[in-house]
Amino acid sequence: MERRPLDVVLIAIYFAGFSAVLLGILVWQLGAHHIHATWLEKMVVLPILFLIAMLPGVLAAGLWMLDNAARIAGILFALLHALSEFAFLANLHIPSRSFTVLRIALDAVIIACLCRRGVRNAFQWKPMNISLRNPDGIGPV
């Protein structure tokens, strides 16, 4: 198997950590705070929130397996995250502008890394020789 580029490994770890933090926050919010909604409302919203929180983890697994669809989805995810952070900068009561700018810069670095030629080459489909015959010629086919 081909070696994974280091930047892909780091991006996959970042996405997996991002997903773990989102899932942890959701579980903590459910346990620590009493959500004032009916169970029917919770049963509609909570599965959607958990699916959204697992999205970066799924992208991390796809990047780890060098799946090109995960690379493209990772680019789109980082772009959407950067755009949402940019919109967040318009808020006058933002806790930390420098942290938000740092996150936008990190998303730009992720996009640049996933568009790099070496990374694109690592994600290319490679033909594989598959044979139903035993290489020794001994035993059942």
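Predicted model: local features only at pLDDT ≥ 70, side-chain atom pairs only at ≥ 80, totals over all residues.
## Ground rules

Local features are given where pLDDT is at least 70 and side-chain atom pairs where it is 80 or more, while totals for chains, interfaces and linings use all residues. Residues are numbered from 1 along each chain as its sequence is written, and side-chain values use heavy atoms, with hydrogens and water left out.

## Two salt bridges

Let's start with the charged pairs. The structure holds two salt bridges, a salt bridge being a side-chain nitrogen of Lys or Arg within 4 Å of a carboxyl oxygen of Asp or Glu. In one of them, Asp7 pairs with Arg116, and the closest N and O atoms are 2.9 Å apart. Asp7 lies in helix α1 (residues 6-32) and Arg116 in the loop between α4 (97-115) and α5 (117-122), so this pair ties together parts that are 109 residues apart in sequence. Helices here are DSSP runs of H or I with at least four residues, numbered from the N terminus.

The other salt bridge joins the side chains of Arg103 and Glu85, at 3.0 Å from N to O. This pair also links distant parts of the chain: Arg103 belongs to helix α4 and Glu85 to helix α3 (residues 68-88), 18 residues apart. Glu85 is buried, with a relative accessible area of 9%, whereas Arg103 is partly exposed at 24%. Buried means under 20% relative accessible area, exposed over 50%, and partly exposed in between, using a 1.4 Å probe and protein chains only.

## A closer look at Asp7

Leaving aside neighbours within four places in sequence, Asp7 is in contact with Cys113, Arg116 and Val119, where contact means heavy atoms within 4.5 Å. The C-alpha atoms of Asp7 and Arg120 are separated by 12 Å, and these two residues are 113 residues apart along the chain.

## How α1 meets α4

Helices α1 and α4 pack at an angle of about 135 degrees, with their axes 10 Å apart. Axes are lines fitted to C-alpha atoms, for helices over the stretch in contact, and angles run from 0 to 180 degrees between N-to-C directions. The two helices are therefore oblique to each other; angles under 35 degrees count as roughly parallel, over 145 as roughly antiparallel, 65 to 115 as roughly perpendicular and the rest as oblique.

On the α1 side, Asp7, Ile11, Tyr14, Phe15 and Phe18 meet Arg103, Leu106, Ile110, Cys113 and Leu114 of α4. The residues of this contact divide into eight nonpolar, no polar and two charged. In this scheme Ala, Val, Leu, Ile, Met, Phe, Trp, Tyr, Cys and Pro count as nonpolar, Asp, Glu, Lys and Arg as charged, and the others, Gly among them, as polar.

## How α2 meets α3

Here the packing angle is about 140 degrees and the axes of α2 and α3 are 8 Å apart, so these helices are oblique to each other. Leu55, Pro56, Leu59, Gly62 and Leu63 in α2 meet Ala70, Arg71, Ala73, Gly74 and Phe77 in α3. Seven nonpolar, two polar and one charged residue make up the contact of α2 with α3.

## Leu66 and its phi

Leu66 sits in the loop between α2 (39-64) and α3, and is buried, with a relative accessible area of 13%. Its phi is near 60 degrees, a positive value in a residue other than glycine. Most residues other than glycine have a negative phi.
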